[in-house]
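Load the model and keep the sequence beside it. The walk below goes from the overall fold to the core, then to an aromatic pair and the pockets.

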Amino acid sequence: GMANKQIQQEIYVLKSYSQKLDWVKQHITEAELRGKVLIFVSTRQAADELTSSLRLVTTASLDCLHGD
């Protein structure tokens, strides 16, 4: 299917967890101002670690979802 035209999608593919974490920390404030952010990681542990790390750099409401 096609994306909703009201939703702007941006995709950034980063090869490692540390690259992803660094990128998110640098851009989270700007992203919060523009709307909601959805971040994919490959494991439950990475999701939990990312959520904990982001709580240190933002006051935004954060939720962690995983398939386990």
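The paragraphs below take the structure one part at a time.

This is a predicted model, in which local features need pLDDT of at least 70, side-chain atom pairs count only at pLDDT 80 or more, and totals for chains, interfaces and linings use all residues. Residues are numbered from 1 along each chain as its sequence is written, and side-chain values use heavy atoms, with hydrogens and water left out.

Start with the whole chain. The protein has 2 helices and 0 strands. Both kinds of element are DSSP runs, numbered from the N terminus: helices are H or I with at least four residues, strands are E with at least two. Helix α1 covers 17–34 and helix α2 covers 44–55. The C-alpha trace spans about 35 × 25 × 20 Å along its principal axes. Of the 68 residues, 19% are buried. Buried means under 20% relative accessible area, exposed means over 50%, and partly exposed lies in between (1.4 Å probe, protein chains only). Take the contacts between residues at least 6 apart in sequence: 43% of them join residues at least 24 apart. A contact here means heavy atoms within 4.5 Å.

Now look inside. The largest nonpolar core has 6 residues: L21, V24, I28, L50, L54 and L62. Such a core is a set of buried Ala, Val, Leu, Ile, Met, Phe, Trp, Tyr and Cys residues joined through side-chain atoms within 4.5 Å. Helices α1 and α2 each give two or more residues to this core. The largest share, 3 residues, comes from α1. In soluble globular proteins, nonpolar side chains tend to be buried together.

S53 sits in helix α2. Is S53 buried or exposed? Its relative accessibility is 18%, so S53 counts as buried. Beyond neighbours within four places in sequence, S53 is in contact with Y17, L21 and K25.

Next come the rings. Rings of Phe, Tyr and Trp (its six-membered ring) pair if their centres lie within 6.5 Å; planes under 30 degrees apart count as stacked, over 60 as edge-to-face and the rest as tilted. By this rule there is 1 aromatic pair. The centres of the Y12 and W23 rings are 4.5 Å apart with planes at 35°, so the pair is tilted. Y12 belongs to the segment before α1 and W23 to helix α1, 11 residues apart. Y12 is partly exposed, at 47% relative accessibility. W23 is also partly exposed, at 27%.

Finish with the pockets. On a 1 Å grid over the protein atoms alone, a pocket is an open set of points where a 1.4 Å probe fits, with protein on both sides within 12 Å along at least five of seven lines; lining residues have an atom within 4 Å of a point. The largest pocket holds about 860 Å³ of space. It has 22 lining residues, and E10, Y12, K36, V37 and L38 are the closest to its centre.

The second largest pocket has a volume of about 670 Å³. Volume is the space filled by probe spheres set on the points, which are joined across faces, edges and corners. This second pocket is lined by 25 residues, with V37, L38, I39, D63 and C64 nearest its centre. Helix α2 gives the largest share of that lining, 5 residues.

V37 lies in the loop between α1 and α2. At 44% relative accessibility, V37 is partly exposed.
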